[in-house]
Each structure stands twice: as C-alpha cells, then as structure tokens.
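Please open the structure in your viewer and keep the selection tool at hand. The tour below goes from stop to stop, saying what to select next and what is there.

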Amino acid sequence: MRLGLDSKTVVITGAASGIGRATAEAMAAEGATLALLDRDAEALQLTAKTLHEKGAAVTTVVADLGSAHGVAGAFTEVLDRHNGVVDVLVNNVGQCLARTFDELDDADWLHTFETNFLSAVRAVRQVLPGMRERRSGCIVTNASDLARQPEANPADYQVSKVGLVSLTKSLALSEGPHIRVNAVAPGPVWTPLWTRPGGFADTLGLVHGRDAKAAVEHELSGRQLPLGRMGTPEEVADVITFMASDAASFVTGSVWGVDGGSIRGLL
C-alpha cells in the first residue's frame, strides 16, 4: 500500500533508536524525505547511514531537545535545510525512569516535563506557522498507554504523557480543518528506553528489589496483556506512519493504542 508520503518532508525527534528509528525506516520505505533529530550523535549517524544506503533522502541534526534553546536551534537548522517546509512532525523524544513518588524531587519533575512535554510544545511552535501558511500538515505525538491507565510508578512520566494527550486534543480542535493532530499510545515496547544501562528495566529492578529481567517479568504480569508479550518498535512505527499519511485523512484528535490490549476501559 502506498500512503502518499513520497512527496512529504517528515521531521522525527528522538530518531536515533527505538520507535523513532523504526518510524524513520517506515517513512523512508514510503519515499518520504527525512529530517532526523537526536542528541546521540553516533547512533543518529548510524541510522542515517543505513537509510542512505537504502536510497532515502535524510538530513540529521544533533541536539538536546530538553531545552528551549536546543529545540529552537535544531528546528532553525531543519527549516533552513528544507526551505521552511515541514509536512509531518513526529514528536517522539522522551525519557522514562522507574522511580517512586517519594524519590521524585522538583528537579526530577521539571526535567521530565522539559524532555517529554515541552519538547513537543516547542517543536509544534516551530512548524505550525508554515503548516498554517500552506494550509496543510500533520502532527503525530508519541504518548503512552500509561496516560490513560496509570500504574503506581513512574508518576512523572505518566503525568507528562497525560499532558501530551490533552495537547493533542486541543491542537486538533484549534488547527483543523487543514492540520491533523493525533497521538499514539504504546504499551510496553522493547526499546533502548528499557534496555540501556540505567534505563527503565534497570531502575524498575531497583523499585521492585529484583534484577532487571525479573522486574520486567513482574511488571508485565501485572499488566495482564492479552497478547502476552511486549511490542516492537516497528509495530508502533507502522501506526505512526499510517496516521501521518493520506490514508488517515479523516483522523484527527485521536489517540491510537498500540498496547497489546493493556487498555481495558471502554473509552
């Protein structure tokens, strides 16, 4: 299926690994022109090299999007390189550490919101003027199933993702009919966010008093996923790519669960 993305310029934040990288690969397969942003220069260049070898048109910007300065600088470079045109923005950058409420101080909360929530707000500010002028555009934000069905921890991550869901709904209302705004809400997905040293799996082990593997198994048993496994980055990327495409032209203000059935409520 061709999704009508072959003439589109797509910006993906947090694109060096995990869901961001898988989304870049899926968009490239549809012929999109890519602008990839991440703070991990080595992994970002490896992703770009792999895509170049497959014939994709790719530019990269190394930037920490956890600050206003970082977002402004990165998007100035992106817009300069692409003649001010961004057709699709994928807000994917984020962080998640397993910490109890008592372990979180104000600095932890603020850092999580800078990275997970304000990075998306600031990125949207950068691309909206051009989308409004062209009367066309699409924004897809990576939220979480935990925004709609919270667990005990991590509270800072979950609350930041609730903000992204609300932002998605607000922007869909304010920017229609020409700009579509949606979110995906992944469940547990096996990415470097979980697997890297000091990442979610390791910190989950500290919270549960187990090694990382046992802690992940314990976490998943509590989720009672009908599909009985964690997801893959590619499974989320396929939904993001669909939502960014003309095939989803009547979809806006939606939060699409890619969660293995973790959400059991009716709404």
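Which exposed residues does the face of H2 turned away from its buried side carry? Before selecting them, note that this is a predicted model, in which local features need pLDDT of at least 70 and side-chain atom pairs count only at pLDDT 80 or more, while totals for chains, interfaces and linings use all residues. Residues are numbered from 1 along each chain as its sequence is written, and side-chain values use heavy atoms, with hydrogens and water left out.

**Helix H2**

Select helix H2, residues 41–53; helices (H or I, at least four residues) and strands (E, at least two) are DSSP runs, numbered from the N terminus. The exposed residues on the face turned away from the buried side are Glu42 and Glu53, where exposed means over 50% relative accessible area, buried under 20% and partly exposed in between, with a 1.4 Å probe and protein chains only. Now colour the buried residues of H2, which are Leu44, Thr47, Ala48 and Leu51. They cover an arc of only 95 degrees around the axis, which puts them on the same side of H2; the arc is that of the directions from the helix axis to the C-beta atoms. Among the elements that cover these buried residues are H1, E2 and strand E3 (57–62). Just after H2, select Gly55, which takes a positive phi of about 90 degrees.

**The largest core**

Next, select Val10, Ile12, Met27, Leu34, Leu36, Leu51 and Ile240, the residues with the most contacts inside the largest nonpolar core, which has 30 residues. Such a core is a set of buried Ala, Val, Leu, Ile, Met, Phe, Trp, Tyr and Cys residues joined through side-chain atoms within 4.5 Å. Several elements each supply at least two residues of this core, including strand E1 (9–13), H2 and helix H9 (233–244), and the largest share, 5 residues, comes from H9. A second, separate core of 28 residues includes Val11, Phe117, Ala123 and Ile139. In soluble globular proteins, nonpolar side chains tend to be buried together.

Then select Thr241, which is found in helix H9 and counts as buried at 3% relative accessibility. Not counting residues up to four places away in sequence, Thr241 touches Leu3, Leu5, Thr23, Ala26, Met27 and Glu30.

**Aromatic pairs**

Rings of Phe, Tyr and Trp (its six-membered ring) pair if their centres lie within 6.5 Å, and planes under 30 degrees apart count as stacked, over 60 as edge-to-face and the rest as tilted. Phe101 and Trp109 have ring centres 6.5 Å apart and planes at 70 degrees, so this pair is edge-to-face; Phe101 is exposed at 55% relative accessible area, whereas Trp109 is partly exposed at 22%. Phe242 and Trp256 form a tilted pair, 5.5 Å centre to centre with 50 degrees between the planes. Phe242 lies in helix H9 and Trp256 in strand E7 (residues 255–258), so the pair ties together parts that are 14 residues apart in sequence.

Note on methods:
Contact means heavy atoms within 4.5 Å.
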